[in-house]
Structure formats: structure tokens, C-alpha cells
Amino acid sequence: MQNIVPMTRPALELRPGQHLTLTPQLQQSIRLLQLSSLELEAEISQVLADNPLLERDEDTSAQAENADPQREASVESDDAPDTELRIDEMPGSGGVYPDDDSETPQQARDDTLREHLIAQLALTRAAPRDLALVSLLIDELDDNGYLGSPLDEILSWLPAELEVDEDELRAALTLLQSFDPPGIGARDMAECLLLQLRHPDPVRLPEAVNPAVLACAREICARHLALLATGNPARLREALSTDDATLRGAHALILRLEPRPGRAWTVPAADYAIPDVIVRKGRHGWQAVLNSAVVPRLQINGLYAQMLGNQRESSHAGLQSQLQQARWMIRNVEQRFDTILRVSQAIVVHQDAFFSQGPSAMRPLILKDIASELGLHESTISRATTQKYMLTPFGTLELKRFFGTGLATESGDSASATAVQAHIRQMVAEENRAKPLSDSQIMERLADRGIVIARRTVAKYREALRIAPAAVRKAQASAR
């Protein structure tokens, strides 16, 4: 008997549910918000090249008349003369001890270090083979003028059929080390300093006129640089078997030497941060305004828009799509800057004391605080503060710098990590350089100010500020 299997019939069933769909417009809005000002400008330039419906609004006079006051670089005219911020008057955020680089050139020389050395090489009477080896070594110099690779490693790169041995390569290095600037081609700092002391210029290095001082300086550079860095003159004097006057002269001679002979040709370009927001004080307190220099002015091309308005949509479907994309771009760019401005103003309100008193008055603040206040998601706040900069009376700071966890104080209040770091920086700047403060002493002084933290936390913040330990600071002070 055969079993009959009943067949199932298809049926329709409705099931309610919810899901989030990121439209192209929303995706673009999120992407634009997380871009920096430079990245946004590159993005807009690309869109302008691809979409003929979008163009820049070059009518600056009309913009000045119809612009939103919140977007202008000035606040209220009554307060402008008294509260105008000048960039050249803003205090910098340099290190604790300013570097004394008065002799360092402000810009790189016209010729490169390689060109400078090749020009000297051309004046020698070396054989073509030696010229080629010296040129090879010149190409291996780093920005400081040091030889970047060991001689045996450079030798291994050369073809075996050239039959170059290490003595021949060492002779080429000796020729290179005779060039200007003194110390060029050294393999470490000790050799660099010794090269400069080989034939010292008495005009530039007057201490070298004394043979005892010159011999002592050579001995220190050859064998006792690490001991010199400890800042213990008694141990160094004992190791050298010399007197105080000779040691002081040798120390002064070494300080005149250049540990980076190539840096005069390789001055790095400065990094600049363009502020998206400027904070100024008006009659109603501190206020954030957009930097009009970074706000792009976009508009729809009037000729194309008029042409599309006189035609049926189906006849120019491609242009209609580009018109919609142009409108999205304009709307999303405006929304990006509106979000940045709202977030910035909320930060200004929370950190009002900072703008009046400085970093030591920074209050604890987290992304969730701003997100709940503005009705936005924390991820939106994160995007709006990453690579976005604010011009303040204390320099240009990334918006992320205004956020930080709180540390409990004896008064029951809390202080931000940024404020604690500011206190540490101030203490170190005002310390006696001959007797620098240890981490434990800084901890005790912070406790006197009502900020109780562990010594290891002090060390962590000190390292974040790139401040050397007390022993190293003492050695640096004694070396000055």
C-alpha cells in the first residue's frame, strides 16, 4: 500500500518588525562629520570636480550681509575692541624648560645636506672608485648627519664583483668625516663629538686652547658620556683623576659641540592646526563662533537648475540625480558645522573656568555629559570632537582635550586629569633646578592643594607631559 504525502500550500504571513537603514544621505552626513577641516576641503574639491550642479559661492559681499552672526569671526561690536584675540599674544604650550636654540636657523638652507657634501667631494682629488664609495655613504646619512647603517651591512649590499673590502669602505668614511660640518658621518654621539674635537676651531671653541681641558673633554666623550649625563661631578672627577677647573672647562667645551651636525640642513616643517571654532568673550560671557575661513560656501549652479526646471524629469534623469546629490552635500556640510558649533558651545559652558583661568581650572567632562545635554549620541560627539580644533586664549586645542575623567579632592569636589597635569607642569617650571622635585614631593604638594593621588599616578602624568625624572632634570640643569 502506498503512502500519500500531503503537499503544503504556500501562504502569505505579515510579521511586524523594525530595522535601521542608513540612507546614502545619512552615510554622507556621518562621514563628513568625522573629517578634519583639511579632509573636508579635499572631499568638497572632489565633489565639485565630479558634479557640475554644485559650485562655490564666490559672492562674499552677499555673505557678509546675510551671514549668521554665530558663524562670523567677531562677536558683538561693542565688545570687540576690548576682547579681540591676537594670535601673536597667545601664550604657547612649550616645554617646561625652553630650549636654548638661539643659533638654530629658522628655516632650512637652500641646499640639502647631500648637495653640501657632494660639492665638497667634487673638490677632492679622490679616485673615481673612492668618489663612488663616499657618495654611497652620503646617501646613508640620516637627518642628524649620522651614518644610518653599519659598515659591514653597507658592504653586504655591494655586488661581489666590485671586490670592495671593509678597509676600503672605512677609508671612504674617513674622507667623508673630514668634510664640513664637523662631526658628519659619525656612527654614534661619542664619535660625533670626538670628530669635532679632532681639530677644534679656537675661535668657536676657546676652551680647546688649553691642552689639559681638550684632553679631558676627549676622554669624557670617548668613555664617560653616560657618567656625565648622571650629573655627578665628584664621580666623574674621580674617574678622570683631574681637578675641578679642568673638569669645568672640559664640560663647557663639550656643551659648545653640536650633537646633531646635520640638523641645520634638515629643519623640519612646522605642523599647523587650523581652528574650526574661535572662543571669544562677549557681554554674555565666553562664546564659541565658527571660523569663517574653514566654512565652505556652496550653492547650486543656477544655469543647470533653470534648465532642469524647464524640462521633464525623465528627460534628464542623470542631472536630476546630481542635483539631488548637490543638495545633500550643501545640507550635510551645513549640518556638520552646526553640530560642531553646538558641541563647542556646550564645552565652553562646561569649561568656563578654563577660558578665564587656564588649564589648571579644567573640569572633569565626559562625552556622555555633552551627548545627554544636546540630545545626541556619544558617537556623534566623538566624531564632532576628533581632529576639530578650538582657538582659545591659551592656544589652539583639539576639542578632545576638554574631556577627561575626574579625580577626587579633599573638598569633595573633583579635578580633571588635565588640571592635575597643569599643576604638575607649573610645579616643575617653578622648582629649584639644582634640587628638582621628585614624584613623591610633587604628590605631597598636590595633596596640600587638596588633590590626593598616588605617586605612580604622578609619574604617569609627568611622563605624559614629557617631563624627565628628577635625576635627569638635575643632570640637565648641571649641564647648562
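Is the crossing of H1 and H15 left-handed or right-handed? Some quick notes.

1. First, the ground rules. This is a predicted model, where local features need pLDDT of at least 70 and side-chain atom pairs count only at pLDDT 80 or more, while totals for chains, interfaces and linings use all residues. Residues are numbered from 1 along each chain as its sequence is written, and side-chain values use heavy atoms, leaving out hydrogens and water.

2. Now the helices (DSSP runs of H or I, at least four residues; strands are E runs of at least two, and numbering starts at the N terminus). The axes of H1 (residues 24-34) and H15 (residues 317-350) come within 9 Å, crossing at roughly 45°. Axes here are lines fitted to C-alpha atoms, for helices over the stretch in contact, with angles from 0 to 180 degrees between N-to-C directions. The two helices are therefore oblique to each other (under 35 degrees is roughly parallel, over 145 roughly antiparallel, 65 to 115 roughly perpendicular, and the rest oblique).

3. Back to the opening question: the crossing of H1 and H15 is right-handed, meaning the near helix is turned clockwise from the far one by less than a right angle.

4. Who touches whom? Contact (heavy atoms within 4.5 Å) involves residues including Pro-24 and Leu-32 of H1 and Trp-328 and Ile-340 of H15.

5. On to the strands, which pair if DSSP finds at least two bridges between them. E2 (residues 277-282) runs parallel to E5 (residues 389-392) over 2 bridges, with Val-277 opposite Met-390 of E5.

6. E5 also pairs with E6 (residues 395-398), antiparallel over 4 bridges. A hairpin joins E5 to E6 through 2 residues, and Leu-391 has Thr-396 in E6 as its bridge partner.
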